[in-house]
Amino acid sequence: MAGGIGSRFWPLSRTKKPKQFLDILGTGSTLLQQTHNRFTRIMPKENIFIVSNEEYCDIIMNQLPGISKEQILLEPLRRNTAPCIAYANYKIRETAPEANIVVAPSDHLIMKEDEFLKVIEKGLEFVTENDSLLTLGIRPSRPETGYGYIQITGDKDSIVVNKSLRKVKTFTEKPDMKMANIFLESGDFFWNSGIFFWSLKSITKAFETHLSEVDSLFKEGIGIYNSKKEQDFITKTYAKCKNISIDYGIMEKANNVHVLCADFGWSDLGTWGSLYDMSSKDDKGNSVQGKSVFLYDSDNCLINLPDNKLAVIQGLEDYIVVDADNILLICKKKDEQKIKQYVNNVKLEKGENFI
């Protein structure tokens, strides 16, 4: 899934080129390229489909030169994850009705890639043998308010991370700090990674049961997918389709949902704060990207500047400083949840050119 606009990484992430298409970690590869290359290690590259907004087609083709245009599913409108997955399901059904599927966001960080791939293979093996919808739950390392949580059933003390499969008891959306601390201390809550597994048969049945209005729209395209008429059909279908997530539409309602409890150095890189947490730092706790940054009397800051920008920064503590194109952001780390509001204000006052 590669259609998000990454507004929380503004101003580096912009509508024309969101974070999945950026080398946000300074590794030489974009997040999309890293995700694609990771999965080519365990499956044929022709079995990988990218679902994204139609305005990003050229970017995807440029960043993944080995992929065919038929593997890029172009959405005319943003309708959240359930329609995106329904589209992919019916596209795959035309050529592989017995398929087993893993759904993954394109903009996540995976630190322990070998361990991750072992978990992926275990998840696919489970859904091959069971009529179940499976998600990856990440062992929490802190009381995070920016993630959704999954509560597991069974004995929490017998959890073997990267091996234990449990039935899901509850899903909880982003909690406040008090609840996040309770979740962390309880030991039976895991972060919701947004990575899913299922057989095509199981997910189709789940759509028919819990999201029939979405399923029926895409079902009308049987016989049209993989033909010249597909894009016109999708344009008309998305105009009629509601905006709904797979979590809310299916995962929270189905009674055959399991979680694989995992830990492989995961972050959804959803915020500047999460990037700071995963980045290397100097002895003052500063994470710096940029070749000409001079820091004085500054601690625990995240600095992201172009290599051709020289900056002298003095007296900052716990700040985010990002310079991207024609925008400079200076924001306290503890207030970064306000960035979305700042983006909205800029849009209202200055228009789309800065978004």
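Which helix does His36 lie in? His36 lies in helix 1. The views below come from a predicted model, in which local features need pLDDT of at least 70, side-chain atom pairs count only at pLDDT 80 or more, and totals for chains, interfaces and linings use all residues. Residues are numbered from 1 along each chain as its sequence is written, and side-chain values use heavy atoms, with hydrogens and water left out.

**View 1. His36 in helix 1.** Helices (H or I, at least four residues) and strands (E, at least two) are DSSP runs, numbered from the N terminus. His36 is buried, at 11% relative accessible area. Buried means under 20% relative accessible area, exposed over 50%, and partly exposed in between (1.4 Å probe, protein chains only). Leaving aside neighbours within four places in sequence, His36 is in contact with Ile48 and Leu64. Contact means heavy atoms within 4.5 Å. His36 and Ser106 are 70 residues apart in sequence, yet their C-alpha atoms are 7.8 Å apart in space.

**View 2. The largest cavity and its lining.** A cavity is a set of points, on a 1 Å grid over the protein atoms alone, where a 1.4 Å probe fits but cannot get out; lining residues have an atom within 4 Å of a point. Grid points are joined across faces, edges and corners, and a volume is the space filled by probe spheres set on the points. The count is one cavity of 30 Å³ or more. About 40 Å³ of space lies in the largest cavity. Its lining consists of Thr35, Arg38, Phe39, Ala104, Pro105, His108, Ile110, Phe116 and Ile195. Helix 1 (residues 31–39) supplies the largest share of that lining, three residues.

**View 3. The largest pocket.** A pocket is an open set of grid points with protein on both sides within 12 Å along at least five of seven lines. The largest pocket has a volume of about 1,300 Å³. Its lining counts 42 residues, of which Gly4, Arg8, Asn80, Thr81 and Asp107 lie nearest the centre. Helix 3, strand 7 (165–172), strand 8 (189–199) and helix 9 (246–251) are the elements that give two or more residues to this lining. Strand 8 gives the most, with four residues.

**View 4. Phe190 in strand 8.** Phe190 is buried, with a relative accessible area of 0%. Not counting residues up to four places away in sequence, Phe190 touches Gly137, Ile138, Arg139, Pro140, Gly148, Tyr149, Ile150, Ile152, Ile159 and Cys261. Thr153 is 37 residues from Phe190 in sequence, and the C-alpha atoms of the two are 11 Å apart.

**View 5. The salt bridge of Asp107 and Lys19.** Side chains of opposite charge can pair when their charged atoms come close. A salt bridge is a side-chain nitrogen of Lys or Arg within 4 Å of a carboxyl oxygen of Asp or Glu. The count comes to 19 salt bridges. In this one, N and O of Asp107 and Lys19 meet at 3.4 Å. Asp107 lies in the loop between strand 3 (100–103) and strand 4 (109–110) and Lys19 in the segment before helix 1, so the pair ties together parts that are 88 residues apart in sequence. Asp107 is buried at 15% relative accessibility. Lys19 is buried at 5%.

**View 6. The salt bridge of Glu98 and Lys201.** The side chains meet at 3.3 Å, N to O. Glu98 sits in the loop between helix 3 (81–93) and strand 3, and Lys201 in helix 6, so parts 103 residues apart in sequence are tied together. Both Glu98 and Lys201 are exposed.

**View 7. The salt bridge of Asp323 and Lys309.** The closest N and O atoms are 3.5 Å apart. Asp323 is in strand 15 (residues 319–324), and Lys309 is in the loop between strand 13 (302–304) and strand 14 (311–314), 14 residues apart. Asp323 is buried at 11% relative accessibility. Lys309 is partly exposed, at 34%. Elsewhere, salt bridges that share partners join Arg38, Arg41, Glu113 and Asp114 into one network.

**View 8. Ser202 in helix 6 (residues 200–210).** Ser202 counts as buried at 5% relative accessibility. Beyond residues up to four places away in sequence, Ser202 touches Asn130, Asp131, Ser132 and Leu133.
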